[in-house]
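I opened this structure to look up two things.

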Amino acid sequence: MLGNRLRKRHDQLRKWAARAGVEAFRLYERDIPEFPLVVDWYAGDVVAWLQPRTRDDTSEKAAEHRARCVQEIREGLELEKGRLFLKTRRRQRHRREGAEDEGSGQYERTGEANAVRVIGEQGLKFEVNLSDYLDTGLFLDHRVTRDLVRQRAQGKRVLNLFAYTGSFTCYALAGGAVATTTVDLSNTYQAWTERNIRLNGFEPSRDHRLIAADCVEWIARGPRKREQYDIVVCDPPTFSNSKRMAADSFSIDRDWPQLLANLVPWLSEDATVWFSTNSRGLEFDAARLPAGYAARDMTERTRALDFTEAEGHRAWLVARQATFDSWKKPREPTA
Ligand SMILES: C[S@@+](CC[C@H](N)C(=O)[O-])C[C@H]1O[C@@H](n2cnc3c(N)ncnc32)[C@H](O)[C@@H]1O
């Protein structure tokens with residue numbers, strides 16, 4: 001059942017992927033109730049995230065189900081030995097202060113197998129690690145958003161917050177951004193970002209800075225003199241209570257209005273903010289945006305072909321109302 005579904009989906013997507021220059025894509029996400037897992041294709045390797053099933057109430061049953069998943073994935077995709085990376089993603093529990101979550105788990109290293117690969121995506125290259133972290137280093141659901149940023153980056157100053165491995169920065173650089181600032185709390189991801197930037201023929205410099213810092217505190221501190229940005233990518237974790245943070249915790253559902261309000265001094269007149277989240281609990285309300293700002297829901301527009309509605313992120317483009325209005329005005333014919 002699962003094997004057939006994977007084979008069919010891979011056959012459906014591989015031609016599109018080849019045309020689009022996409023080597024990593026989503027094959028399966030919990031479509032069959034017996035198989036509540038997620039399966040991604042990485043240029044011949046497969047990463048699968050198993051979600052524990054309540055019915056497997058003994059370790060024997062859990063092991064049996066795991067073995068069945070491995071067999072179905074291998075046979076369905078005719079995978080050679082050693083090309084399947086199995087991970088366990090625990091069910092998202094209701095978030096509360098101090099709960100085990102992203103701040104203390106999702107982004108930590110979990111192994112040393114070091115299955116590092118370089119993946120091609122829409123003309124760019126990214127390093128992924130298929131074995132040693134819960135995630136691989138590249139969030140596939142933001143592939144379209146990354147390209148939209150590239151298309152708009154020519155001559156722009158770009159700020160990439162909660163940047164992870166810097167994939168948005170690489171797209172901004174490829175799009176001709178004149179300045180980029182990439183901020184993430186983790187030194188591991190900042191080093192990974194530097195490798196990704198170099199993989200694409202760029203390098204950090206005075207105009208292309210990598211900053212390891214707590215974004216919440218860094219933004220609240222306000223910009224240096226004349227430091228402003230034209231494009232901001234703001235893709236925070238759902239929850240973070242890392243010890244390296246100034247505040248006890250950060251919860252996107254609770255803190256997004258303040259985060260966007262603190263961003264205003266960093267924004268140039270016609271700046272646009274790509275604000276996104278994977279949290280299903282965030283209640284986005286334009287009335288809670290900073291005064292004079294408005295938002296366009298970009299969730300549909302940024303959905304990647306291999307992701308269905310229920311999967312992936314929600315996204316908004318936030319800018320001054322006047323900026324959106326200026327986009328409607330027909331351009332004056334030049335003399
Ligand atoms: C959802 S990921 C961002 C994904 C990224 N936008 C991308 O598309 O690749 C969240 C990132 O936030 C970082 N992070 C968590 N808490 C942070 C904080 N307080 N300040 C800065 N970065 C933080 C994590 O290290 C992780 O890299």
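I counted rings of Phe, Tyr and Trp (its six-membered ring) as a pair if their centres lie within 6.5 Å; planes under 30 degrees apart are stacked, over 60 edge-to-face, and the rest tilted. By this rule I get 16 aromatic pairs. The model is predicted, so I note that local features need pLDDT of at least 70 and side-chain atom pairs pLDDT 80 or more, while totals for chains, interfaces and linings use all residues. Residues are numbered from 1 along each chain as its sequence is written, and side-chain values use heavy atoms, without hydrogens and water.

Which pair did I check? I took Y133 and W192: their ring centres are 5.5 Å apart and their planes at 55°, so the pair is tilted. Y133 lies in the loop between β6 (124-129) and α3, and W192 in helix α5 (residues 187-199), so the pair ties together parts 59 residues apart in sequence. Helices (H or I, at least four residues) and strands (E, at least two) are DSSP runs, numbered from the N terminus. Y133 and W192 are both buried, meaning under 20% relative accessible area with a 1.4 Å probe, protein chains only.

Next I looked at Y189 and W192, also a tilted pair, with 6.0 Å centre to centre and 45° between the planes. Both lie in helix α5, three residues apart, about one turn of the helix. Ring pairs link Y133, F139, Y164, Y189 and W192 into a cluster.

Then I turned to α1. Its buried residues include L6, H10 and W16. Just after α1, G21 takes a positive phi of about 70°.

Terms used: Buried means under 20% relative accessible area, exposed over 50%, partly exposed in between (1.4 Å probe, protein chains only).
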